[in-house]
Amino acid sequence: MASAAAAAAAAEWEAAARKVLVARKSCFGLPTACPTCLPVFLYLRMAQVPFDIHVDTNFPDADHIPYVEFGDCVAFNNEKGGVIEYLKDEKIVDLNSNHPSVSSTDVLETKAMVSTWLADALLFELWVVSDGSIANDIYFSDLAWPIGKILHWKKTRHVKQLLGITKLNAAEKEDEIYRKASAAYDSLSIRLGDQVFLFDNSPTDVDALFLGHAIFVLNALPDTSVLRGTLQKHDNLVRFAEHHKVQLLETSSSSSSGLGSSPSPSSSTPRRRPSADQSYKPKPRANKERTEEEKKFRRRAKYFLATQLVAVLVFLSLMGGVDSSELDDDDGLDYED
């Protein structure tokens, strides 16, 4: 069953005239400012896959973004380890296959370091120690203020839980996060040396993951960022990021062989949320003419959404204009248990 599904997905990939990467919007001079979407963008570029990018603003906090559409199939971020892992596992696009002599253990260890220590440090800077403006630009700037504010607060609480941060251990956790990030940069700097890529002379998925991280840190985080300052201590890592940014983002975007269409919210179309039981799905078929029952259901759905919006506004009014610092003070209540 699994092999048949993989074969079907591979056939769809080969038959698809154009692939579509659905990501979050551009910002900070990057084609997508989302630190989760950017590595997928770079991976496809490194593999020289022609694709279009569409911006999805309908689900600002959804974990299935980014995803790639090809033919009647969709590969989601929240399934099978993410888009890159899916493309590798199904033998659709596997950059690592070009490195038979490289130790898979070295690749996995380096990848784990980027995916944990560096990813955690970036989450910490985006959602915990920053003023929230960068995260707001990426995820919530297209939403009404009350909704964006509440979603940001909710995400901050989730990240604190994920990183195990409480009021009692905040300083200790901060030291630990930055210590691990510094160790990761040291190790990557030694691994890279004066090479163009981390392993041999061609890219792997680890290059795409770290490059996405490094380009985001250098272009999106402020000069006061501890993480950015730590990265900038390693000249070869900075050169690595700047070199490939020019090659994969700036040079390719000006040629017809790269990105098929410029990313803009106006080009995006509503997309389906993923289910949890399949790694790729057929796209929805064209809508048929609605029945009376369907029209009634849609009217009720609109009333329900309106009611929810009113409830949010009432909630905010009852809070009596609570400012962001008071919201932040509430974050620790659930962590002291």
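Colleague: What should I know before reading the values?

Modeller: Residues are numbered from 1 along each chain as its sequence is written. The model is predicted, so local features need pLDDT of at least 70 and side-chain atom pairs pLDDT 80 or more, while totals for chains, interfaces and linings use all residues, and side-chain values use heavy atoms, without hydrogens and water.

Colleague: Which residues touch the most other members of the largest nonpolar core?

Modeller: In soluble globular proteins, nonpolar side chains tend to be buried together. A nonpolar core is a set of buried Ala, Val, Leu, Ile, Met, Phe, Trp, Tyr and Cys residues joined through side-chain atoms within 4.5 Å; buried means under 20% relative accessible area (1.4 Å probe, protein chains only). Here the largest core has 85 residues, and Phe70, Phe210 and Phe216 touch the most other members. Helix α8 (residues 205-220) gives the largest share, 10 residues; helices are DSSP runs of H or I, at least four residues, numbered from the N terminus.

Colleague: What volume does the largest pocket have?

Modeller: Rolling a probe the size of a water molecule over the atoms shows where empty space is left. On a 1 Å grid over the protein atoms alone, a pocket is an open set with protein on both sides within 12 Å along at least five of seven lines, a cavity is a set of points where a 1.4 Å probe fits but cannot get out, and lining residues have an atom within 4 Å of a point. Grid points are joined across faces, edges and corners, and a volume is the space filled by probe spheres set on the points. The largest pocket has about 1100 Å³. Among its 36 lining residues, Pro35, Thr36, Asn77, Ala119 and Leu123 lie nearest its centre.

Colleague: Which residues lie nearest the centre of the largest cavity?

Modeller: They are Asp56, Thr57, Ile138, Tyr139 and Asp142, out of 13 lining residues. The largest cavity holds about 90 Å³ of space.

How values were computed: Buried < 20%, exposed > 50% of the residue type's maximum accessible area, 1.4 Å probe, protein only. Helix = DSSP H or I, 4+ residues; strand = E, 2+ residues; numbered from the N terminus.
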